[in-house]
Amino acid sequence: MSAVRAPLRVGVLGAGQRGFLLADLTAAQPHLAQVTAVAEPREAYRDAFAARFGLERAATFASWQEFVLQGPAVDAVIITTLDRDHVGPAVACLTQGIPVLLEKPIAPTWEEVLDIQRAQQASGALAAVCHSLRHQPGFNLVRQLVRAGRVGEIRTLDLIEQVSYWHFAHSYIRGNWGNSGRATPLLLAKSCHDLDYMAWLMDVPAVRVASFGSLSHFRPEHAPPGAPARCLEACPVEHACPYSAIRHYVQADRTQWPASVISHDHSQQAHLEALRTGPYGLCVYRADNDVVDHQTVMLEHQNGATATFTVTAFTQAGGRRLRVNGTEADLTFDEHVVVLRDYASGRVEELRAGGEGPHGGGDVRVVRNWLEAVRRADPGWLLTDLAASMPSH
């Protein structure tokens, strides 16, 4: 494929929250690309997307299948459909030689991941995955310090992902990723970011892995006495419940995430109706969720180093916390400050890495890196290409 001149024409398949976000980040770089088409089955979201990006009706499609068969010429595609709908559009676009930016996870099963890989290898089209931690300035700084030998050799690494209690309830109980039959398991849906970053930081193959986790709390037997199926059904504890749907989706700013995603219409009446009839009004103890609410992964690497990763729903604040213990120094990172402590000198060094926007600036860098790679027709430009992203899955 020859290099494509700017601006690239980019189609977006899936106009949910992530589709809008990645499209916004694309449109914010007009010297690189413009958003020229969308596929989305929900008419209200499709129309809102078209209005935001100035698309004619001929550039909007009710399904990715319509887009692939009838769509206008594009230079690249962003795929932000639901997890279980990744493989179809990814294979179809790659088979046609269209470069793809694929929201994580790649796909819900290993066979589907391999299907996407085979399509990419057959056409040679560029494919990147939205593994934003590699691009986030702070996490990138940690890797630079490790690669420069500032901690010596890594002996242990520990990373925790704190999915704050309200975020977990929204996405992994009431939301699209609460049931693995409809989506993917929690570790794949939420934390392949983290496992990808750990593999990149360790840079040594893992040879043994163990994992433990369970759905321990958000179960019917833990519902408060008298709690009904929905928060609007005269729940006696709703006013004091940290998971109150009324507090999070009606009394909160309804135009901001997470409240904004439950209804295209952000009037109080529309949000109340969504709670009466949709999944976001369910009691968190009486939904059909089946994904774990906490999980720990333990890895032993080829050089004897060990690593652990924990994801948990039971936190007030969100964010990740990283600790690296090396032979010459240890390092901690809280997504804001890197603290490096040298053993021999006793020196303590604090370093800050800037990064604004979603995922600490990681998302905009994912998009920019992919667009530049497509413009250059250079797969070596990609930091999170398909092959590099597969080990985490």
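## Close-up views of a predicted model

Figure 1. Phe61 is buried at a relative accessible area of 6%, and Phe67 counts as buried at 4%.

The model is a predicted one, in which local features need pLDDT of at least 70 and side-chain atom pairs count only at pLDDT 80 or more, whereas totals for chains, interfaces and linings use all residues. Residues are numbered from 1 along each chain as its sequence is written, and side-chain values use heavy atoms, with hydrogens and water left out.

Figure 2. Ala15 has its place in the loop between β1 and α1 and is buried, with a relative accessible area of 0%. Leaving aside residues up to four places away in sequence, Ala15 touches Phe20, Val38, Ala39, Glu40, Arg42, Tyr45 and Phe49, contact meaning heavy atoms within 4.5 Å. Ala15 and Ala39 are 24 residues apart in sequence, and their C-alpha atoms are 7.2 Å apart in space. Arg42 lies over the face of Tyr45, at 3.9 Å from the ring centre, where a charge sits over a ring if NZ of Lys or CZ of Arg is within 6 Å of the ring centre and within 35 degrees of the ring normal.

**Figure 3. Helix α4 and the elements that its buried residues meet.** In helix α4 (residues 87–95), the buried residues are Val87, Pro89, Ala90, Ala92, Cys93 and Leu94. These buried residues pack against the strands β1 (8–13), β4 (76–79), β5 (100–102) and β6 (127–129), and against the helices α3 (64–70) and α5 (110–123). Just after α4, Gly97 takes a positive phi of about 80°.

**Figure 4. The second largest pocket.** About 360 Å³ of space lies in this second largest pocket, a pocket being, on a 1 Å grid over the protein atoms alone, an open set of points with protein on both sides within 12 Å along at least five of seven lines, whereas a cavity is a set of points where a 1.4 Å probe fits but cannot get out. Grid points are joined across faces, edges and corners, and a volume is the space filled by probe spheres set on the points. Lining residues, which have an atom within 4 Å of a point, number 18 here, and Leu195, Ala199, Ala206, Leu299 and Pro391 lie nearest the centre. The elements α8 (186–202), β8 (206–214) and β9 (294–301) each supply at least two residues of the lining, with α8 giving the most, 5 residues. By class, the lining has 13 nonpolar, 4 polar and 1 charged residues, where Ala, Val, Leu, Ile, Met, Phe, Trp, Tyr, Cys and Pro count as nonpolar, Asp, Glu, Lys and Arg as charged, and the others, Gly among them, as polar.

Figure 5. The model has 2 cavities of 30 Å³ or more. The largest cavity holds about 90 Å³ of space and is lined by 14 residues, of which Ala227, Cys231, Cys235, Cys241 and Cys283 lie nearest its centre. The second largest cavity has a volume of about 40 Å³, and its lining includes Trp166, His170, Tyr243 and Pro258. Helix α7 (165–174) and helix α9 (245–251) each supply at least two residues of this second lining.

Technical notes: Helix = DSSP H or I, 4+ residues; strand = E, 2+ residues; numbered from the N terminus. Buried < 20%, exposed > 50% of the residue type's maximum accessible area, 1.4 Å probe, protein only.
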